[in-house]
Amino acid sequence: MEKKNVKGIVETMRFGFELEFTQSSNSVRDRITAHMNANHVLHFNQVNSYRHSNGSSWDLKLDGSAGSELASPILTGLQGLEEARKVTQLLNDALEIIEGPIDHVRSRCGMHVHVDVSSLTPQQL
């Protein structure tokens with residue numbers, strides 16, 4: 001099967017990410033979850049502990065370095081990029097509604113991106 005590149009993204013390429021931010025209270029995570037559910041984000045889970053995500057849902061969970069972390073499900077291609085853009089914008093909107101326009105990212109925060117390169121050759125890498 002031939003893979004088609006669209007704007008530099010392989011349509012069938014799978015990826016996921018974890019986005020850390022400073023807010024760590026359960027009440028704020030409750031309100032973020034309510035905001036995501038009100039905006040029809042499918043498969044959104046709030047986990048009030050530290051654990052690994054399995055890639056099947058959006059997981060809002062505790063993070064040891066920053067406070068909280070939003071982990072994506074496994075996403076695919078441009079449709080996945082659009083879903084990631086939508087959900088991260090909703091996260092930003094929720095934090096602004098809850099706390100106002102303050103910075104929720106500090107030096108201890110990060111974003112980790114995982115890309116499935118199993119279909120690429122060593123030359124393509």
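**Salt bridges and core**

Analyst: Let us begin with a pair of charged side chains: Glu69 and Lys61 meet in a salt bridge, at 3.5 Å from N to O. A salt bridge here is a side-chain nitrogen of Lys or Arg within 4 Å of a carboxyl oxygen of Asp or Glu. Please keep in mind that this is a predicted model, in which local features need pLDDT of at least 70 and side-chain atom pairs count only at pLDDT 80 or more, while totals for chains, interfaces and linings use all residues. Residues are numbered from 1 along each chain as its sequence is written, and side-chain values use heavy atoms, with hydrogens and water left out.

User: Are Glu69 and Lys61 buried or exposed?

Analyst: Both Glu69 and Lys61 are buried, where buried means under 20% relative accessible area, exposed means over 50%, and partly exposed is in between (1.4 Å probe, protein chains only).

User: OK, and how many salt bridges does the structure hold?

Analyst: It holds three salt bridges. In one of them, Asp116 pairs with Arg14, with the closest N and O atoms 3.3 Å apart. Asp116 is in the segment after β8 (111-115) and Arg14 is in strand β3, so this pair ties together parts that lie 102 residues apart in sequence. The helices (H or I, at least four residues) and strands (E, at least two) are DSSP runs, numbered from the N terminus.

User: What about Arg85, which residue does it form a salt bridge with?

Analyst: Arg85 forms a salt bridge with Glu82, and their closest N and O atoms are 2.7 Å apart. Both residues lie in helix α2, three residues apart, which is about one turn of the helix. Arg85 counts as partly exposed at 47% relative accessibility, and Glu82 is partly exposed too, with a relative accessible area of 41%.

User: New topic: which residues touch the most other members of the largest nonpolar core?

Analyst: That core has 19 residues, and Ile32, Met36, Val41, Phe44, Trp58 and Leu91 touch the most other members. A nonpolar core is a set of buried Ala, Val, Leu, Ile, Met, Phe, Trp, Tyr and Cys residues joined through side-chain atoms within 4.5 Å. At least two residues of this core come from each of β3 (14-21), α1 (26-38), β5 (58-63) and α2 (77-99), and the largest share, seven residues, comes from α2.

User: And what does Leu91 touch?

Analyst: Leaving out residues up to four places away in sequence, Leu91 touches Leu19, Phe21, Ile32, Met36 and Leu70, where contact means heavy atoms within 4.5 Å.

User: Back to α1, then: which of its residues are buried?

Analyst: The buried residues of α1 are Val28, Arg29, Ile32, Thr33, His35 and Met36. They lie on the same side of α1, because they cover an arc of only 160° around the axis, the arc being that of the directions from the helix axis to the C-beta atoms. What covers these buried residues includes β3, β4 (44-47), β5, β6 (67-71) and α2.
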